[in-house]
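This briefing covers charged side-chain pairs in the structure shown below. The points are grouped by chain.

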Amino acid sequence: MAAKEVLHLMGKELSLELRQRNALNGILLYVISTVFIAYLSFKHVIDPPTWNALFWIILLFASVNAVSKSFLQENKGRLLYLYTLASPRSVITAKILYNMALVALLSLLNFACYSLFIGNSVQDITLFLIVLLLGSAGLASVLAMVSAIASKTNNSTGLMAVLSFPILIPLLLTLIKASKNAVDGLDWSVSYSLLIVLVALNLLVFALAYLLFPYLWKD
Amino acid sequence: MKKNWWKIVAVALVAYTILGGFLFDVPRRAILHESIRNVHFHVCMWFAMLFTMTAALVFGIRYLLKFRTEDDIYASEAMNISILFSALGVITGSVWAKFTWSEWPLLSLKGWWVDDVKLNGSAICMLVFLAYLVLRGAIDEEQKSARIAAVYSIFAYVIMIVLLLILPRLTDSLHPGNGGNPGFSQYDLDSRMRIVFYPAIIGWTLLGVWMMQLRVRIKKLERKTEL
């Protein structure tokens, strides 16, 4: 695996995304309309735990939608072509890195819309943004791997949620706890252990995807 | 007979657990009272599940290394037995939690479920096992389904370990072994319980291995008659 190969593959993802702009626009619109629906049904959420949980649930669904297409949308021919050109490990690395950027974009958009409509009760913005970025990285890498698994089945879109939700729960619980600390503006020392768990989870998921993806690759 | 001694041990230990668990003297504790006997059943389901889950992981890894169908049969049957144990563990745990930690009436505004990290954790494990079965069912080709299911089980197992072993230590809960304490301290178990508890773990685990072995043999015979 070479860094150059990964960069080229990421460039390929980006140019594909820009060429089919409607997919990206669809996901961005998904976030905005979901937040708007949440606003219309909840109005302003002032209670911090509810604010926090709702935020992460919206982000969870949006990122499942956004990342699932990373393998599901690849047609057989293009995968075969990729297989002859690049090593599987650079393919999964490129997919994960690209999706991290995509989910980070989604989470920032989610946060912006959320503050616009539902209200922003975060007291420690820096910590919240750190948790948000770590969270998007984790969501993206788990979902990219699960999307690769689901793409091998007959009923891939349905399986995407079934396979990913249970293994996303540890990540999601840690995220909700850590971001709750940020919302409440607690001292950073309270959140250190949670941040360490988040970083460790990210590394772990990435390492697993890196090791296991070659077995998914060939058909 | 030579190979079957451990089955006799399994039956003897489980029989001993049932008799000893219900009849022996147990420490009297506030709130728990006689329900403390559930330790011999509920906690052992949990240990047996961890064991069969790990067996599924090991056979999954072996399958990816050697691609032998036999390993895959073992992995999938270990997963099936894990579902049984996790279901029993969740049911015994949920009922126990309801009767000790929760308020009456049984179905109140808060629902039946008692909020506890470990109960939630085992429920999530059950979801993962079921997802594994759905995944296997969704792929027609046998070798492909074995390979992809192995990848999913390894991926899920490692993340589950984080969930089950690390997260509960960061959370406060009513469950013994939370908020930084080790799982079983001298406060939870005294020697009167230990003489049943340790054999019980071994007995239930061996019973699980036996069930797994029987299912694997049925699977193999089915494959043979199909071919």
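Does Arg215(B) count as buried, partly exposed or exposed, and what is its relative accessibility? Arg215(B) counts as partly exposed because its relative accessibility is 40%, between the 20% and 50% cut-offs. The model is a predicted one, and a search of the whole structure finds 11 salt bridges over all chains. Some of these are set out here.

**Chain B: helices H3 and H6**

- Arg215(B) and Glu77(B) form a salt bridge through their side chains, with an N to O distance of 2.6 Å.
- This pair links distant parts of the chain, 138 residues apart: Arg215(B) is in helix H6 of chain B and Glu77(B) in helix H3 of chain B.
- Glu77(B) has a relative accessible area of 1%, so this residue is buried.
- A salt bridge also joins the side chains of Lys220(B) and Glu70(B), at 3.3 Å from N to O.
- Because Lys220(B) lies in helix H6 (residues 191-226) and Glu70(B) in helix H3 (residues 69-101) of chain B, the pair ties together parts 150 residues apart in sequence.
- Lys220(B) is partly exposed, at 32% relative accessibility, and Glu70(B) is partly exposed, at 36%.

**Chain A: helices H1 and H3**

- The side chains of Lys69(A) and Glu17(A) meet in a salt bridge of 3.3 Å, N to O.
- Lys69(A) belongs to helix H3 (residues 48-72) and Glu17(A) to helix H1 (residues 3-19) of chain A; the two are 52 residues apart, and the pair links distant parts of the chain.
- Lys69(A) and Glu17(A) are both buried.

**Chain A: a network**

- Salt bridges link Lys12(A), Glu13(A) and Lys95(A) in a network.

Methods: Residues are numbered from 1 along each chain as its sequence is written. Chains are lettered from A and ligands numbered from 1 in the order in which they are written. This is a predicted model: local features need pLDDT of at least 70, side-chain atom pairs count only at pLDDT 80 or more; totals for chains, interfaces and linings use all residues. Side-chain values use heavy atoms; hydrogens and water are left out. A salt bridge is a side-chain nitrogen of Lys or Arg within 4 Å of a carboxyl oxygen of Asp or Glu. Helices (H or I, at least four residues) and strands (E, at least two) are DSSP runs, numbered from the N terminus. Buried means under 20% relative accessible area, exposed over 50%, partly exposed in between (1.4 Å probe, protein chains only).
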